[in-house]
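Here are my notes for a first reading of this model. Please keep the structure open beside them.

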Amino acid sequence: MQITKEKKIEMLRSMLLSRQFEDKLTELCKIEGKIPGMMILCTGQEAVGSGVCAALAPEDIIISNHRSHNHLLARGADPNALMAEIYGKRTGCNKGKSGTLHLAVPEVNALCTTTVVGGGPPIAVGTAFAQQYRKEESVTVCFFGDGAADEGSFHEALNLASLWRLPVIFVCENNLYAGAQRYEEHTKVKDIADRAIAYAMPGEVVDGNDVTAVYRAACKAREIAVSEKGPTLIECKTYRCHGHGEADLQLYQPKDEIAAWVEKCPIDKLRDEALSEGLISNDAYEEMNRKMNEIVENAVRFAEESPFPSPEEALEDVFVSSRIS
Amino acid sequence: MNQLGMGQAVNQALREEMMRDSGVFIAGEGIGVGIMESPMLPTFGLLKDFGPERVKDTPVSEAAIAGLAVGAAAAGLRPVVEILFSPFFTLASDMIVNHAAKLRYLSGGKSTFPLVVRIKNASGHGAGCQHSHNLEAWAAHCPGLKVVMPSTPADAKGLLKSAIRDDNPVIFIENMALYFQPGPVPDEEYLTPIGKAEIKRQGKDVTVVAWSNMVGLALRAADQFSQEGVEVEIVDVRTLAPLDKETILASVRKTGRLVVIHEANRTGGFAGEISAIVMEEALASLKAPLRRVTGPDIPVPASPPLESFYIPNEENLISAIREII
């Protein structure tokens, strides 16, 4: 499958925006009192969300997890509204109710971000069921980590999705760590993709730091899903370059392991490819980098200048006031 | 008026709402083809009339069933899913408690989750504590859930129709003993509002607050007191969340005496909540200390004499009323 120049540039841009956004958050969360709550980042894993989302149509749905920033930005969420939400501001995409961990952006069909590990797959079954029920040509993507594949809900969801041939792409972002546990310490099978066999669906292992490989796998899975052949499990092998959260000292991650994976940066890889293929010039790349930085700086300014919600706004948005007729 | 059991009334409600709205579908274990086939059961005949696209028999996968509801609701359908017996709620509870109840709030009010979880409750059948457990107080304790527990077939029909049209998640708990106790159900279409208690019997001397199967028991006890010249008022709350506290308080202000009865065990039971509301808002009206009649703090036992000991009976209620009049 040939990937167009435009698609490669789109993915490069998407990964760069995500990296700049999170590099900024890495900085900001160290400043006392700046960002409330935990800070959980996907730095170095950008090829997964950017590659998968590049394969999607606007009507497709994504379900994300605690490492969501890249997925949401790649899906086209407004960086200003995301940053304001992370700051806990009223102008945030969820009015300060979700914070950095549960960002929901229904405007771009990012219907929910769940931080309950393994919470996403059963919900993806539901959204995909709705897509099938309405005979839409659309799919649901569910992003989750290697830890989630140990939850019972993951197995229930894969079984049901396969049984009903639901249009779901289960994307496992295997970043080699679930909390402080290295992959081998929490899962016996070498590849999580092998679990697809148990549910009679295609399973594929992909280099999760190669955005074009991720994109190709997602295109193939999407094609299978919309042609009513059911779900696919894609395992993207990647690496958690930062800790579980930014407060994590990473004492259990070998320094040389981290360094080796930082070398395998998915952005550098695509940039080098694009440069050598003549898809982009050095100047144009630098200009793109500068533009992404500007977007992030604007988002920070927007967030900082935005007001906090007033305390009693906490009481809003629990229920819809239904009109029953 | 037809004489129907509660299962038949629920069946009518499902039927009418499925005919009215093509977005309504039902799912659960054995709801299409079940172990028991009886016209007294709630989903009898629905598979034949609505087909397998809208009547979804599921695997034994409560997390996936509840996730199906959450996702399908997020994507615009109106799922009505069934939890076979109330203790299995725990298997579905992450999807209900952490997702159905919270995702609207986390979206800052952007998303809606119009879903109904029907839970069948079954004490009195010798099935034991893993098939019998009154857990309404758990559900009512979760902000974001509505909790409905009808006591009559007519209420069950009208309340379920309202629940399906409600844009919020509704937990609808059916006591299975009531499936086999026929009562009048209006022929014409009607809705019963969620959040409205009903005075099932007028009285001036003592208020009994009850729900579900305890309402019938309270009515029988009231008949007995009537012969002695003591008029008991029965408030059927019908909905625990939102609770119609105005109707409860107005009744207590009138009678000056209160007994709350529920089948669930005592500690942390919903009678405590109702008692606290009355103490805070109508203490001056009380002519005697209030009383709670509940199951003891034990799991529901299996052997008939043990189970009968667990379930509050008319004698328990009569003694409690005698203590305060």
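The points below cover ring pairs, charges over rings, a helix crossing and one alanine.

1. Ground rules. This is a predicted model: local features need pLDDT of at least 70, side-chain atom pairs count only at pLDDT 80 or more, and totals for chains, interfaces and linings use all residues. Residues are numbered from 1 along each chain as its sequence is written, chains are lettered from A and ligands numbered from 1 in the order in which they are written, and side-chain values use heavy atoms, without hydrogens or water.

2. Ring pairs. Over all chains, the search finds 12 aromatic pairs. One of them is Phe129(A) with Phe25(B), a tilted pair with 4.5 Å centre to centre and 45° between the planes. The pair joins two chains, because Phe129(A) lies in helix H5 (residues 120-133) of chain A and Phe25(B) in strand E2 (residues 24-28) of chain B. Rings of Phe, Tyr and Trp (its six-membered ring) pair if their centres lie within 6.5 Å; planes under 30 degrees apart count as stacked, over 60 as edge-to-face and the rest as tilted. Helices (H or I, at least four residues) and strands (E, at least two) are DSSP runs, numbered from the N terminus.

3. A second partner. Tyr133(A) also pairs with Phe25(B): the centres are 5.7 Å apart and the planes stand at 45°, so this pair is tilted. It too crosses between chains, from helix H5 of chain A to strand E2 of chain B. Ring pairs link Phe129(A), Tyr133(A), Trp164(A) and Phe25(B) into a cluster.

4. Burial. Phe129(A) and Phe25(B) are both buried. Phe25(B) has 0% relative accessibility. Tyr133(A), at 17%, counts as buried. Buried means under 20% relative accessible area, exposed over 50%, partly exposed in between (1.4 Å probe, protein chains only).

5. Charges over rings. Lys56(B) lies over the face of Trp164(A), 4.6 Å from the ring centre. Lys264(A) lies over the face of Trp261(A), at 3.7 Å. The test asks for NZ of Lys or CZ of Arg within 6 Å of the ring centre and within 35 degrees of the ring normal.

6. One alanine. Where is Ala320(B) placed? It is in helix H12 (residues 314-324) of chain B. Ala320(B) is buried, with a relative accessible area of 6%. Arg291(B) is 29 residues away from Ala320(B) in sequence, yet the C-alpha atoms are 6.4 Å apart. Leaving out residues up to four places away in sequence, Ala320(B) touches Val259(B), Arg291(B) and Val293(B). Contact means heavy atoms within 4.5 Å.
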